[in-house]
Amino acid sequence: MVHIRFEGRSYDVSETQVDITESMTDAAIKQQLARYLEVSENRFKDYVCDRRPSGDLIVRPEAVYG
């Protein structure tokens, strides 16, 4: 499962829906998600890919504390 938090909205999709595999780099994942959401790839530049022990992937804005 891929959970995407993008510009205030949440999306839950399967890896096959967005054509993502476990071995892909963060950059390749962001590129695929930009295609899926039909937005420019650079809109994901400040996002992180958080790979969970369960196998799920969370793509979200980078958290800034302080």
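This is a predicted model: local features need pLDDT of at least 70, side-chain atom pairs count only at pLDDT 80 or more; totals for chains, interfaces and linings use all residues.
Reader: Why is Q32 called buried?

Author: Buried means under 20% relative accessible area, exposed means over 50%, and partly exposed is in between (1.4 Å probe, protein chains only). Q32 has a relative accessible area of 13%, so Q32 is buried.

Reader: Where does Q32 sit, and what does Q32 touch?

Author: Q32 is in helix α2, residues 26-37. Helices (H or I, at least four residues) and strands (E, at least two) are DSSP runs, numbered from the N terminus. Contact means heavy atoms within 4.5 Å. Leaving aside residues up to four places away in sequence, Q32 touches V18, D19, I20 and M24.

Reader: What makes the link between Q32 and R35 a polar contact?

Author: A polar contact is a pair of N or O atoms within 3.5 Å; within protein, one must be able to donate a hydrogen and the other to accept it, and residues adjacent in sequence count only if both atoms are side-chain atoms. The side chains of Q32 and R35 are joined by such a contact at 2.5 Å.

Reader: How do you know that β1 and β4 are paired?

Author: Two strands pair if DSSP finds at least two bridges between them. Three bridges join β1 (residues 2-6) to β4 (residues 57-61), and these strands run parallel. I4 stands opposite V59 in β4. V2 stands opposite L57 in β4.

Reader: How many bridges join β3 to β4?

Author: Five bridges join them, and the strands run antiparallel. R51 stands opposite L57 in β4. The hairpin of β3 and β4 has five residues between the strands, and G55 there takes a positive phi near 100°.

Reader: In what order do the strands of the open sheet lie?

Author: The order of the four strands is β2-β1-β4-β3, with mixed pairing. β2 (9-13) and β3 (47-51) stand at the edges with a single partner strand each, so one side of each has no neighbour in the sheet. Neighbouring strands are turned by 15° against each other on average, direction ignored. Helix α2 packs on this sheet and touches β1, β2, β3 and β4; its direction makes about 110° with that of β3. For such angles, axes are lines fitted to C-alpha atoms, for helices over the stretch in contact, and angles run from 0 to 180 degrees between N-to-C directions.

Reader: What makes R43 and E7 a salt bridge?

Author: A salt bridge is a side-chain nitrogen of Lys or Arg within 4 Å of a carboxyl oxygen of Asp or Glu. The closest N and O atoms of R43 and E7 are 2.7 Å apart, and the two form a salt bridge. R43 is in the loop between α2 and β3, E7 is in the loop between β1 and β2, and 36 residues separate them. R43 has a relative accessible area of 37%, so R43 is partly exposed.

Reader: How many salt bridges does the whole structure have?

Author: The search finds three. One of them joins D26 and R51, whose closest N and O atoms are 2.5 Å apart. This pair links helix α2, which holds D26, with strand β3, which holds R51, 25 residues apart. D26 is at 33% relative accessibility, so D26 counts as partly exposed. R51 is partly exposed too, at 39%. The side chains of D50 and R52 also meet in a salt bridge, at 3.2 Å from N to O.

Reader: Why is the aromatic pair of F6 and F44 called stacked?

Author: Rings of Phe, Tyr and Trp (its six-membered ring) pair if their centres lie within 6.5 Å; planes under 30 degrees apart count as stacked, over 60 as edge-to-face and the rest as tilted. F6 and F44 are 4.8 Å apart centre to centre, with 20° between the planes, and the pair is stacked. F6 lies in strand β1 and F44 in the loop between α2 and β3, so the pair ties together parts 38 residues apart in sequence.

Reader: What is the arrangement of the F6 and Y47 rings?

Author: Their centres are 5.7 Å apart and their planes are at 40°, so this pair is tilted. Y47 lies in strand β3 and F6 in strand β1, so parts 41 residues apart in sequence are tied together. Y47 is at 11% relative accessibility, so Y47 counts as buried. F6 is buried as well, at 4%. Ring pairs link F6, F44 and Y47 into a cluster.

How values were computed: Residues are numbered from 1 along each chain as its sequence is written. Side-chain values use heavy atoms; hydrogens and water are left out.
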